[in-house]
Amino acid sequence: MSDGKRSLFIGGRWTEPDHGHYEVIDPATEEVVGLAPEASREQVYAAAAAAREAFATWSRTRPEERAEILDRAAGLMLRDLDGNTALARAESGATTATARGMQVAVGAARFRRYARGALEPVEEAVAPQINEAGPMGRAGVFGALAVRQPVGVVTCITSYNNPWANPAGKVAPALAMGNTVVVKPAPQDPLSVYRMAEALEEAGVPPGVVNVVTASGPEAGEAAVDSPDVDMVSFTGSTAVGQRIAEVCGRSMKRQLMELGGKGAAVVLDDADLDSAAAGIGTTFSFYSGQICTAPTRVLVQRGVHDALLGRLAAYAGHLKVGDPAARGTVVGPVISAAHRDRVESYVELGRKEGARVVTGGERPAGLDRGFYVAPTLLADCTNDMRVVREEIFGPVVVVVPFDEEEEGIALANDSDYGLIDYVWSSDVARAFRVARRLRAGGVGLNTIGRNMEAPFGGFKKSGVGRDVGSYALHAYGELQSIVWPG
C-alpha cells in the first residue's frame, strides 16, 4: 500500500516541509510505503513555539473537555482500523495480527484510558501541621495541598517498534494532564503518527496542542530537544541516544522521561514449568522479531534443567513460520531495515567468535529474496562476559547461560548495565517472589511475560529514568505544586 506524500502538522496546519521528502520502506517487500516530510530545524522550532502558544489555553481547559477529545480520537482511530492496520504493517513489518491488536488497538485503548485519566483528581491533601510561633510567623495550624500541574510543552520522541502504542502512551497522558506536544516519530515508520494526528484534528484538538515533525536524519530530533520552548522530553529508544538527549536537557533543566534499552534476564530455576518458560522466552523469536526492549533475551537457567529447556526453545524456534507479515500464519516478519538486519547478523557472528554454539538459526532464512529477515536464533554455551550476553541485540536472538545455585543466578541477572524487565520461572511462588525482590530491574514477571497495564513501567540503571503507564504516566507529565495556608 502507499500512504502518498505527507505534510508536517504544525500549529493546526498541514505544512510543506522545507527539505522535501524521504521514502518510507516496507521492510517485508523493500517497496515504498509513502513519502515522509523532511522538517528543517526552523520548522521544528516553529512547532515548539506553536505548542508554547497553545499551552496557555489548553492547560486551563476543563478536564471533561480534554477527556471528550481524547475519547473521540480513540473512536476515530478504531473507525479506520483496517486502513491504520495495513499502514502500520507496511511501514513497521509487524504481522497483521500484531499491527491490528498490539499497535493500532492498543494505541486507541491508551487514548481511552487517558480520557478517563484526565478526570482523575490532581489535588491531594497533606496532613495539617501545628507550627509554634517563631521567625516564620505566628503559631497556627497549617493546611496544605499537593497539586499536580502540567509541565508545559513536551517533546515526544518515539521508537520504531510500535508506531501506534508508543506515541499514544506519550501523547495521550501528556494531553490529559494539560500539556501540549511536539511529536517526533522514528524515521523508519512515521506515517502512522500522521494518521494519529488526523484523528486528533478531527476529534477537535485545538491548533498547536499537537504538532508532528519528521526527518530522516538527526537534525529535527536535536531541534525538538534543544528548543527553548520545550519543557520536557519523553524519549523511547536506545541508551546511547538517551544519554545524548539527557546531556542537552541537563543544560536547561528540562524534565525527562526515558525508556531506554533492555537485556531482560529470564531466571529459570530447577523447579520451573519448562513448557511455560519456553513459551514465554520464545516470544523473543516471534513477537515483532525480537525488536522489543522488554523481551526475555538473556536466559539464565539452573544447570539441572538446562538441556531440557534448551531443547524446548530450539523446538519452539523451529516451528515458527518466517515470512510475509501480511500472509496468514506468519509469526516472524522482518526486522525494520537492511542496516538493522546486518547489525543483528553481525551479533550472531560475534557470538560464534566468542565461543557460543548456534543451536538453531544463525543464517538468513531461505526462500526470502526480498525483505529484511533474520531467522530466530538460539545461542548456547554462553558466559556472562560475552558481548552477545551483555549488549542489546534487538532482534530474534536468545542467549543461554547456565548457573548452579540460586545465588549465582541472581548475581548473573544483576550483572548487567540494564534493568528494565526481568523474569523468574519457578513452581514455588514464595521462591519466585524472593528472587524477584532481589533483582535490580524496574519490573519482574513471575512465570509470565504478561504485564499489568496499570503498574508503573520503567527501568533501573541504564534502562531509563522515570515511570509511566496507568496513573503513573499522569504523574510523569505533571509537576507537583504545594499550596499552604493557615487554618
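Thr330 counts as buried, because its relative accessibility is 10%, where buried means under 20% relative accessible area, exposed over 50% and partly exposed in between, with a 1.4 Å probe and protein chains only. The model is predicted, so local features need pLDDT of at least 70 and side-chain atom pairs count only at pLDDT 80 or more, while totals for chains, interfaces and linings use all residues. Residues are numbered from 1 along each chain as its sequence is written, and side-chain values use heavy atoms, with hydrogens and water left out.

Thr330 lies in the loop between helix 11 (306-318) and helix 12 (338-354); helices are DSSP runs (H or I, at least four residues), numbered from the N terminus. Leaving aside residues up to four places away in sequence, Thr330 touches Thr95, Lys321, Gly323, Asp324 and Pro325, contact meaning heavy atoms within 4.5 Å.

I turn now to helix packing. The axes of helix 3 (residues 81-92) and helix 4 (residues 96-117) come within 9 Å and cross at roughly 110°; axes are lines fitted to C-alpha atoms over the stretch in contact, and angles run from 0 to 180 degrees between N-to-C directions. Helix 3 is therefore roughly perpendicular to helix 4, a term for angles of 65 to 115 degrees, with under 35 roughly parallel, over 145 roughly antiparallel and the rest oblique.

Finally, helix 2 (residues 63-79) and helix 6 (residues 191-203) pack at about 130°, with their axes 8 Å apart. Helix 2 is therefore oblique to helix 6. Ile69, Arg72, Ala73, Leu76, Met77 and Arg79 of helix 2 meet Met196, Ala199, Leu200, Glu202 and Ala203 of helix 6.

Technical notes. Helix = DSSP H or I, 4+ residues; strand = E, 2+ residues; numbered from the N terminus.
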